[in-house]
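Hi everyone, thanks for coming. Please take a moment to look at the sequence and the model on the screen, and then I'll walk you through a few features.

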Amino acid sequence: MALIYLAPLIVTLFVLLEQKVYRHVERSQAAGARPLEILAAHFVTNGAILVIQTGFMMVVSLLYFEAQVHGSVLLLLAIVYLEGVAGIALAILMATVLDNKLAALVFVYGLTISLWMICGVFWPTENINFAVARQSVQILPLTWPIETARNIMNRGWSIDHTYVMLGFGSATFYAVVPMLLSYVVFK
């Protein structure tokens, strides 16, 4: 789950930064493309690549590693894809704000290590002893979607369960808000 957030983030970020270096975005704007069209083109293109990445990840997880899914595979696929969309949205925002690849690399490295350590990738967030820290972790972009995927796979929960809805809500929030912010910054 965390890899499907990170892979599109890195690819999208570095493609956009490369286009910034060679001034492809400025040329597109000079040719008459509007900021929304440029952002939408990147989002749709990377979203199509994400379909392939998500499908490959699910096939490897379910067939090769024989992961058991007690709930809906389509619901699991939806939360994984939505988390990848959140990674794309964050990458587009970062590319509009950052100017060079070194700054992007440092940001991605710091983000990845910190998120993987505290969002439930390596161990459950329930093991965090400090109550304020445990509550603060709940607002991070990977925490609820990871719990949602676990609950779908292990407990067979469906979309009508509160924790599953929270995971989809969190992933949607982290997909929509960065896209809106990048539109405002890019304009």
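Some ground rules to begin with. This is a predicted model, so to speak of local features we need pLDDT of at least 70, and side-chain atom pairs count only at pLDDT 80 or more, while totals for chains, interfaces and linings use all residues. Residues are numbered from 1 along each chain as its sequence is written, and side-chain values use heavy atoms, with hydrogens and water left out.

Let's start inside. In soluble globular proteins, nonpolar side chains tend to be buried together. By a nonpolar core I mean a set of buried Ala, Val, Leu, Ile, Met, Phe, Trp, Tyr and Cys residues joined through side-chain atoms within 4.5 Å. Buried stands for under 20% relative accessible area, exposed for over 50%, and partly exposed for what lies in between, using a 1.4 Å probe and protein chains only. The largest core here has 44 residues, and among those with the most contacts inside it are Y5, L9, L76 and L142. Two or more residues come from each of α1, α3 (35–64), α4 (73–97), α5, α7 and α8 (162–186). Those helices are DSSP runs of H or I with at least four residues, strands are E runs of at least two, and both are numbered from the N terminus. Which helix gives the most to this core? That is α4, with 14 residues.

Contact means heavy atoms within 4.5 Å. Setting aside neighbours within four places in sequence, L76 is in contact with M58, V69, A149, I152 and M153.

Now the charged side chains. A salt bridge is a side-chain nitrogen of Lys or Arg within 4 Å of a carboxyl oxygen of Asp or Glu, and a search of the whole structure finds five. In one of them, K101 and E18 bring their closest N and O atoms to 2.1 Å. This pair links distant parts of the chain, with K101 in α5 (residues 101–118) and E18 in α1 (residues 2–21), 83 residues apart. K101 is partly exposed at 35% relative accessibility, and E18 is partly exposed at 26%.

Another salt bridge joins E147 and R150, at 3.0 Å from N to O. Both lie in α7 (residues 143–155), three residues apart, about one turn of the helix. Are they buried or exposed? E147 is buried at 17%, whereas R150 is partly exposed at 28%.

On to the rings. Rings of Phe, Tyr and Trp (its six-membered ring) pair if their centres lie within 6.5 Å; planes under 30 degrees apart are stacked, over 60 edge-to-face, and the rest tilted. The whole structure has five aromatic pairs. W116 and F122 are edge-to-face, 6.2 Å centre to centre with 80° between the planes. W144 and Y163 are stacked, at 5.5 Å and 15°.

Last, two backbone angles. Most residues other than glycine have a negative phi. R23, in the loop between α1 and α2 (24–30), has a positive phi of about 60°. E66, in the loop between α3 and α4, also has a positive phi, near 55°. E66 counts as exposed because its relative accessibility is 58%.
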